[in-house]
Amino acid sequence: MASALINVPAKAKRGEIIEIKTLMSHIMEPGYRRTADGKIVPRDIITSFTCRYNGVEIFRADLFPAIAANPFITFFTVATESGKFDFEWIGDRGFTETASASISVE
Amino acid sequence: MHKQDESTRRQFLGLAGSAAMLGAVPIVTLRPSEATPAMMAAAIRNVVGAAEVRTGKVKLDVPPLVENGNTVPMTVSVSNPMTPDDYVRSIHVFNEKNPQPNIGNFYLGPRAGRAQISTRIRLADSQKIVAIARLSDGSFWSVSVDVVVTLAACTEEVI
């Protein structure tokens with residue numbers, strides 16, 4: 001059910017600094033809340049996010065329960081060449097999701 | 001989403017001053033396992049080791065008064081060039097009073113072009129937030145910001 005929203009400029013000039021925005025739908029259950037009958041709701045979060053640019057890792061993040069639901073992460077990179085960004089989210093209970101976006105650099 | 005029976009809802013709001021709904025399961029927040037400033041200091045030590053942490057260079061943008069602790073926009077930027085010889089290696093964000101002291105670790109590199117990240121965080125209480133940047137020369141720079149939270153995290157359903 002998970003789905004990603006990625007915002008990468010479709011075109012960029014070589015050497016331009018571009019902003020990449022990502023959002024992954026996820027509950028990010030912190031694991032500290034209790035139900036009415038006192039049971040702890042088990043933790044279910046995304047723990048790791050990685051972005052690769054043509055196969056090379058350019059950004060990585062460790063996430064903790066203090067990241068809000070539907071983790072929204074933005075960062076910057078230099079547009080060096082045309083190609084593909086690959087995004088990967090890894091989390092509890094075997095959660096893994098990937099997404100990609102392409103860019104053409106002139 | 002709000003299929004909850006009104007009286008149950010009121011009951012929970014009255015009880016803890018905080019009730020949350022998740023699907024149809026009512027969830028009450030309990031915060032006995034609050035992190036302490038000492039835990040934050042320990043978490044920071046974990047990252048920086050014995051190195052000295054200097055104040056400066058780092059800018060932490062977070063609203064000073066937060067109405068809803070469930071989703072607080074946060075931007076960390078470091079005023080440092082991003083060249084192959086001199087760049088920001090990572091940014092680490094910590095809190096004082098959430099159940100645990102870490103918020104996130106962000107690993108950049110010279111290819112980032114600009115040392116700036118944004119995300120949305122949760123805050124369980126009014127507290128201090130600390131952002132620490134690690135530069136390529138091994139030095140650490142930090143900034144801390146005090147935030148007032150009027151509605152603690154986990155008390156409302158998030159969009």
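Predicted model: local features only at pLDDT ≥ 70, side-chain atom pairs only at ≥ 80, totals over all residues.
On the chain A side, Tyr32(A), Arg33(A) and Phe76(A) lose the most area to chain B. Together they contribute 20% of what that side buries. Counted by contact, 35 residues of chain A meet 38 residues of chain B.

Zero salt bridges are found across this interface. Polar contacts, in contrast, are present: 15 residue pairs, both members at pLDDT 80 or more, are in polar contact across it. Four elements of chain A each give two or more residues to the side that touches chain B. These are β3 (17-24), β4 (33-35), β6 (56-63) and β7 (72-78). By residue class, the chain A side divides into 25 nonpolar, five polar and five charged residues.

Strand pairing also links the two chains. β7(A) pairs with β9 of chain B (residues 116-121). The sense is antiparallel, and the pairing runs over two bridges. Thr74(A) stands opposite Ser118(B), a residue of β9(B).

Chain B contains two helices and 11 strands. From the N terminus, its elements follow the order α-β-β-α-β-β-β-β-β-β-β-β-β. Of its 159 residues, 49% are buried. Among contacts between residues at least 6 apart in sequence, 63% join residues at least 24 apart.

Over all chains, the salt-bridge count comes to eight. One of them joins Glu29(A) to Arg33(A), with the closest N and O atoms 2.8 Å apart. Glu29(A) has 2% relative accessibility, so it counts as buried. Arg33(A) is buried as well, at 9%. Arg33(A) is also among the residues of chain A that lose the most area to chain B.

A second pair in chain A is Asp44(A) and Arg93(A), whose side chains meet at 3.9 Å, N to O. Asp44(A) is buried, at 14% relative accessibility. Arg93(A) is exposed, at 61%.

In chain B, the side chains of Lys59(B) and Asp61(B) form a salt bridge at 3.4 Å, N to O. Lys59(B) is partly exposed, with 47% relative accessibility. Asp61(B) is likewise partly exposed, at 37%.

Key: Residues numbered from 1 in each chain as written. Chains lettered and ligands numbered in written order. Heavy atoms only, no water. Contact = heavy atoms within 4.5 Å. Buried area = accessible area lost by both parts, 1.4 Å probe. Salt bridge = Lys/Arg side-chain N within 4 Å of Asp/Glu carboxyl O. Polar contact = N/O pair within 3.5 Å; in protein donor to acceptor, adjacent residues only side chain to side chain. Nonpolar A, V, L, I, M, F, W, Y, C, P; charged D, E, K, R; others polar. Pairing = 2+ DSSP bridges. Buried < 20%, exposed > 50% of the residue type's maximum accessible area, 1.4 Å probe, protein only.
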